[in-house]
Amino acid sequence: KEHKESKEHKEHKENKDSKEHKDKKDKKEKKEDKDTKEDTPKEVAAATSTSMLQSMMAAPPPEVGKAKDKKDKKDKKDKKEDKDKKDKDDKKDDKAKDTKDKAPGGKTPGKDEAETFWNDLFLPVGENEPDASAVAEAAERRRQQEAAEAEADKKQAETMTAEAKRREEELGPVDETAAEVQMAQEAAVELDPLRPRQVALTGKHVEVLRADGERWLRRFERLAPNASIVVQRGVEPGSWEANITGTQPGAARRAELCLRSLFASLSGETVQVRVLPEDEDDERIEVLEIPEGGDGSVLLQRIMESCEVTAAFFHEKEPVRPRPPTTQAQIDLGRLLGLATGQTVEIRFEQEWYHARVIGFTDNGLVRVEWFGGEGAEAQVSPIDVRPSSNSPEILHPMHGRLVLIGDLRQRTAAKFQAMAAVDRRVPGHFSDLFPPKPRGQLFGFDLDVVELPPGDGGACARMASKIIAASEAVVEVLSKKAFIAGEPEERRRARAFLTTLVPNAGPFGDAHGIPEELADFCSKVRVPALVVATVAGANRTNLSSIEDETRCLTFWLPQGTQSSSDGGVLVAGGAMCAIGDRVEAQWAGEWSAATLLGQGSDPELVRVTWDVDGSEQDIAPDGVRPAGSKTRAVASGPKKTGAWAQGTRVLAVIGNEKSRRSCIFKVMALTENCSPGIWTGSLEDAEKEARDGKPEEEVFIGVEAAKHEGTSAEMEWLRTSMAGQQAMTGAARASGAAIQIVGSAFFFAGFPAQRQRGREYVQWACKSRMQQGIARFQAGGAGGKPLSVVDADMRDDVTVMVVVQAQMEFLRPERLAAIEQETEVMLVFDDGGGSILERGSKRLLICGDQDLMRQKALRRVNYFVAGAALAATAPGASSSSEREPALRGLGGPGPGAAPVKRPFEQDAGQDAKRMRPAGPAVAKSDARVVLKSIPWPDTINQWGQLQNKVWAGHPKLQRGWIRCWSRSQDSEYYLRLSDKQTTFNIQDVLA
């Protein structure tokens, strides 16, 4: 019975569906017939009055014959579908009947169908009411589905609203007042000194920030010290953003300008802002207007690399334009065309598409547009040549206009001078004559001078500009017949003397009549035997020119008869030598009068005296001065007048800062010694005096030492002639901070006492570690076969120790370590552990240098080469690549997980400034006896060295090379010198 009822119900439902299907089909056919009759060409032609709108809005009428064929095909298709459906139902009924005959267990098919029916309704079989939990689950699913649909509808509505708002904003403000308000708001946001900044970046930008050990981020740290930049991934996949905050007003804005300037210059673009930066906005910002004729002449990347600044062209954004006035008729016509007044579109012109803005429509269906970048040019175009803009209009990036330089005063002034020179080469006279830079009017401190070059210059000042900059330490640029000088008062004074007196009047081989008074305190003199003058100078002065470039000095030959600084006296009448300060007689108006010898005059051919009568000073010829009785005494004049000296001498004037002058004199002595062996090394005391300008050690700022090499002749030959030896010498000089030069068989050192001591040690270490084995291989070193062993390496404040295994050393190739040395100004050597117990196959790499920050940087670079980014995370101040992926350390300090990095103790105040460590927090003085009882007793010298700061915390500092130890028999401390194992119990002998 149940089966029969189910079958009847099914047949009834099928009949009903078939009838509904037939009714729908009949209605559809009637509608198509009606459409076919009504769709005539006459009504289509009436849709619009213009041929343009006919082509866009009207559709061609269908042909009646084609419509009839289409209907016949549709009827046949429907009949076939009905037949297929009926055959399918018959097969289904037969299958159900067969299932009834073969049902196992006496179960009737009707009962199985009932069970399926109730299961489909989530009802248990055999019960009259559904399960409450199933109904609740179904209701919950319906509720969740409805909520999801509602949320989707809400999001869709929000999206549509936002899209409508965006399109409305694209059309522009409604009037001029609204446009002015919008621009004022944008300007206020840009200039807000307290607002944090956010700059969108690309993956390429991030790679630039990470390149070369994040050097651009380190530059930001210098240019924006009160700002913090953190680079992290953006919300969108593949996007990045830089979040900038500042601790002082204006710091965040300066950092944002730095960042945008960097990326714009590297990509050849400009920075678009609403308000252009001004000089007065920030003490680290300088602007320079570049004319249109100088477009492309300023090479921004070169300026940024050479002057340690950021530089970019800034242009003001296009003014915000209100939407064009329109009428309702225009709006309706635009809707028919799918456009709107004020909309940004693209116009086709000769197969190319150009950006424009719709400003209206004509009565004959054309679109009125205003071209972008055409200064208001308008056109009328056909709608078929107009399409909505898919992207923003291209921004032009002219390389002229306002050049913005961000950096320290000296660096950005040098950058400005470079830009001015580049423009004047393209547009002669623009800056030199029309728009010269103006002095700041500072009586003291950094300022700018404009100097007219003498008529006889002949281009010499322009050719020597780079050397004048190095020797005077001023910022100099020569433009046409003028020179622009910037710097401190003394620097400008020296540069002016070079440009107006010394360089223009010098001969072709560097001969000068004398040294101007402005340069006297910045000048040293060294004697050169007349026989070797040509060799020292070189062909066309090539040797001296090379020395000038290396030492940042300028050299000039003084007239014959000029005394050097070490002569200590002045030649007067009859060839007598009088000391400075001696009583003499000088001829005036034909009579001899009492005077005092002051030394050489402003002209090398004259001497200066002061008259006893009135105390006035005067320069007179040496023949007009004679000794005053027996008070005249002979003065030692350095090396004995024998051999090469007997043929006469020429004096070479060396001008530069004191350390550079010492280095230059060393190199001149080396050339002289090569030509005449023993001329300086025969008396190292006289050579030291010559290099110190004839003054004792305690009267000079940069001291000098000369000493014979303590190693073998093979080591000296290796240092002198091989490429590896010369690199070792250069590295030792950079790391120690001293000037080092080999003169014959001796070493000459110049610098502060600590620098000279480090220089001597570093040269010895380099010989033992690198000679005959290369910089990266570690075998028995040195000519004597003994490897380097620095027993106090762990105790020195100028050495950082790193233990490497043999497998890691394979990555430390010579060229890699040489690059690290040059980049970080350290010296890298291997030793045997210095008495430390190392694992088999392990060696120690000693990173030597007087700057802790540079040693830490070198350590990170070595770790990178040894084990890549994973091992680099173990170095102090470094972070792994995985840590740097989500966030990049910015201006605020180390990134996530990075240890703090020590900063230098002082700012570099020039090569002549002594470095002083600030006093740290006081450390309580420890009781060495108590501390030693609490720890295992040290067994080796190395262990005693490692415990110095722990056992004797707060105790007075000892001289370098001494350590404290404890005597059990005497129950007191004693002191051990590491170099020769000498001991003493008297602390006064070893205190620093």
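In what order do the three strands of the open sheet stand, and is the pairing parallel or antiparallel? The order is S13-S15-S14, and the pairing is antiparallel.

## Basis of the model

This is a predicted model: local features need pLDDT of at least 70, side-chain atom pairs count only at pLDDT 80 or more, and totals for chains, interfaces and linings use all residues. Residues are numbered from 1 along each chain as its sequence is written, and side-chain values use heavy atoms, with hydrogens and water left out.

## Overall make-up

The protein has 30 helices and 35 strands. Helices (H or I, at least four residues) and strands (E, at least two) are DSSP runs, numbered from the N terminus. Of the 992 residues, 41% are buried. Buried means under 20% relative accessible area, exposed over 50%, and partly exposed in between (1.4 Å probe, protein chains only).

The accessible surface comes to about 55,000 Å², by the Shrake-Rupley method with a 1.4 Å probe. Carbon and sulfur atoms hold 51% of that surface. Take the contacts (heavy atoms within 4.5 Å) with a separation of 6 or more: residues 24 or more positions apart account for 64% of them.

## The three-stranded sheet

The open sheet runs S13-S15-S14. Strands S13 (447-452) and S14 (475-479) stand at the edges, each with a single partner strand, so one side of each has no neighbour in the sheet. From one strand to the next, the twist averages 15 degrees. Two strands count as paired if DSSP finds at least two bridges between them. S14 and S15 (residues 482-487) pair over five bridges, in the antiparallel sense. Glu477 has Phe484 of S15 as its bridge partner.

Two helices pack on this sheet. Helix H12 (residues 409-426) touches S13, S14 and S15, and its direction makes about 10 degrees with that of S14. Helix H16 (residues 489-505) also touches S13, S14 and S15; its direction makes about 155 degrees with that of S15. Axes are lines fitted to C-alpha atoms, for helices over the stretch in contact, and angles run from 0 to 180 degrees between N-to-C directions.

## Helix H20

Helix H20 (residues 684-691) has these buried residues: Leu684, Ala687, Glu688, Glu690 and Ala691. They cover an arc of only 160 degrees around the axis, which puts them on the same side of H20. The arc is that of the directions from the helix axis to the C-beta atoms. Their cover includes strand S16 (523-529), helix H19 (658-675), strand S26 (703-708) and strand S28 (746-751). After H20 comes Asp693, with a positive phi near 60 degrees.

## Salt bridges

The structure holds 53 salt bridges. Each is a side-chain nitrogen of Lys or Arg within 4 Å of a carboxyl oxygen of Asp or Glu. Glu308 and Arg222 form one (2.7 Å, N to O). Glu308 lies in the loop between helix H10 (300-307) and strand S6 (310-316) and Arg222 in helix H8 (residues 203-223), so the pair ties together parts 86 residues apart in sequence. Glu308 is partly exposed at 36%, and Arg222 is partly exposed at 42%.

Glu697 and Arg756 form another (3.4 Å, N to O). Glu697 is partly exposed at 28%, whereas Arg756 is buried at 5%. Glu821 and Arg770 also meet (2.3 Å, N to O). Glu821 sits in helix H25 (residues 814-824) and Arg770 in helix H23, 51 residues apart. Glu821 is buried at 3%, and Arg770 is buried at 5%. Salt bridges that share partners join Glu688, Arg692, Glu697, Glu705, Glu710, Arg756 and Arg760 into one network.
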